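Let's take a walk through this one together, a piece at a time. Have the sequence and the 3D view open as you read.

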Amino acid sequence: MVNIVSIQRLTFVALAFCFLAPASLFAQAPPIAIVGGTLIDGTGRAGVTDSVVVVSGGRFQEVGKRGEVTIPQGAEVIDAKGKTIMPGLIDGHCHYRDWMGEIYLAYGVVTCPNISNNPVDWIIAQREGVRNGSIRGPRVWASANIIDGPPPGGTGVLRRQRTSIIVETEDEARKAVGTLAEKGVDGVKLFERLTPQTAKAAAAEAHRLGRPVFGHSLDIFVSADAGYQSVEHSWSVLYTSIQDPKKKADLDMARMKGKLDTAEAHVYMEPAMFDKIIKVMVEKNVHWSPTWATWFRPLSPRAQEMKRREIALLKDPRLRYLPPYILKDTESFFAKYENAATEKRSQVLAGYKMLQDFVRRFAAAGGKIHSGSDPNHVLAGYGVHVELEMLVEAGLTPVQAIQTASINVAQAWGKDKDYGSVEEGKIADLLIVRGDPQQNISDTQNVEMVFIEGKVMDISYHPDYKNPIPRPIEDRPEQ
């Protein structure tokens, strides 16, 4: 006979169990069956109404429609009627910091594939701390110190390179990759100042050592030829589309020196190149993380609602530990667009519309998009959901959008055998949200319950939240 319990009661019981029981008892925990909700499984299939998801031993045991799935004897049953079951989200562009753990969990982001310029020993320690339970936060897939070339003349030492590994030769590039692999990273991030030859050598060494490659790129054709798994940021498309080398170099330098805002630069995109770029990316299976929420969300039809939500979140007294620059940046960022001259706003909007067009065409051709926080002017975790909203505004279906923060990211990291979708045999990462994101994509933010490896997570905020292993360098998102 099954025992039906409410989400609230099960959460309390499960959390108490997590804190009080020894780890060895988790294997003896009874199965859990989540019944009655609409399942969006992350594979791209349409949602399944009145579904049943059975979790046992940290994995999905059975998944399907009620009547087609057997609920095990003695299972704890969660009634999810009127709610939606989704894969645990994966941040496609995570810049991990020591204060982000519970923010990620609260927004249903269960995995942070870190591609920030973090010291290797620190990010590995974060990964292991989450694994052993000493750090409360999302699972970490670790890349670490970025591998980059010397900064362009006239720019000095770029702030983003302060912990980078700077290489100038192919041998240096291979050695840098090998050193990071020996430390235990899960992936390698390459940056845009590498020459094509050093980038190709670094990528080949990473692949030889079984690590995926993610990178900033000024030329997606070069990155595709080198075998990158993903290129990051919308400006990778911007620069690749520009055919005049001098125009590209001038625009790059203007942006590096702060003479031109990142969002403003997109007006120089050349859409005539879009199909060629897309063809190569799809053929070479190069994923793309636009990270456009951080720059373009004030142009969204939801902009005022986004602003209201964000300011309320950032002023929540339970989150008083957040770095103060986040609220300051968010307020000034929205104000910048609200106070912009009509001509300037129209210019930025024109670039954004071209970017939306690329998103539609890339997705229609089978391209794989990653939604990610990229926490510049936006809060980590929350930013993933904003990107989902913006993708739907651009023309993707909600089901397609959810794939960008689940299975697509897992595939790029070579981990889709175990992660990224709610399918039989996979690791039981999932969340339950109020409402139906198929009808309103914003409902992904109504997170009620989060499971990682079949265990219920604490998704509440704690004013005294503290990471036991502080980040050893200045805390400021890379630009």
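Start at Gln411, which touches His287, Lys368 and Asp416, leaving out residues up to four places away in sequence; contact here means heavy atoms within 4.5 Å. Gln411 sits in helix H17 (residues 407–412). Helices (H or I, at least four residues) and strands (E, at least two) are DSSP runs, numbered from the N terminus. With a relative accessible area of 29%, Gln411 is partly exposed; buried means under 20%, exposed over 50%, and partly exposed in between (1.4 Å probe, protein chains only).

A word on the ground rules. This is a predicted model, where local features need pLDDT of at least 70 and side-chain atom pairs count only at pLDDT 80 or more, while totals for chains, interfaces and linings use all residues. Residues are numbered from 1 along each chain as its sequence is written, and side-chain values use heavy atoms, with hydrogens and water left out.

Now for the inside. A nonpolar core is a set of buried Ala, Val, Leu, Ile, Met, Phe, Trp, Tyr and Cys residues joined through side-chain atoms within 4.5 Å. The largest one has 110 residues, and Trp288 and Phe296 touch the most other members. Helix H14 (residues 342–364) supplies the largest share of this core, eight residues. Beyond its neighbours within four places in sequence, Phe296 contacts Ser234, Ala263, His266, Val348, Tyr352, Leu355 and Met390. Apart from this core lies another, of 16 residues, including Ile34, Val55, Ile85 and Phe451.

Next, look at helix H10 (residues 274–283), whose buried residues are Phe274, Ile277, Ile278 and Met281. Seen down the axis of H10, they fall within an arc of 95°, so they line one face of the helix; the arc is that of the directions from the helix axis to the C-beta atoms. Why does such spacing work? An α-helix has 3.6 residues a turn, so residues three or four places apart point the same way. Lys279 and Glu283 are exposed, on the face of H10 turned away from its buried side. The cover over the buried residues includes helix H6 (220–226), strand S15 (230–232), helix H7 (235–241), strand S16 (287–289) and H14. After H10 comes Asn285, with a positive phi near 55°.

On to a sheet. Strands S8, S9 and S10 form an open sheet in that order, with parallel pairing; two strands pair if DSSP finds at least two bridges between them. S8 and S10 (139–142) stand at the edges with a single partner strand each, so one side of each has no neighbour in the sheet. Two bridges join S8 to S9, and Ile90 has Thr111 in S9 as its bridge partner.

Which residues does the disulfide join? Cys94 and Cys112 are the pair, with S to S at 1.7 Å (the cut-off for two cysteine sulfur atoms is within 2.5 Å). The torsion about the S-S bond is about -70°, so the disulfide is left-handed. Both Cys94 and Cys112 are buried.
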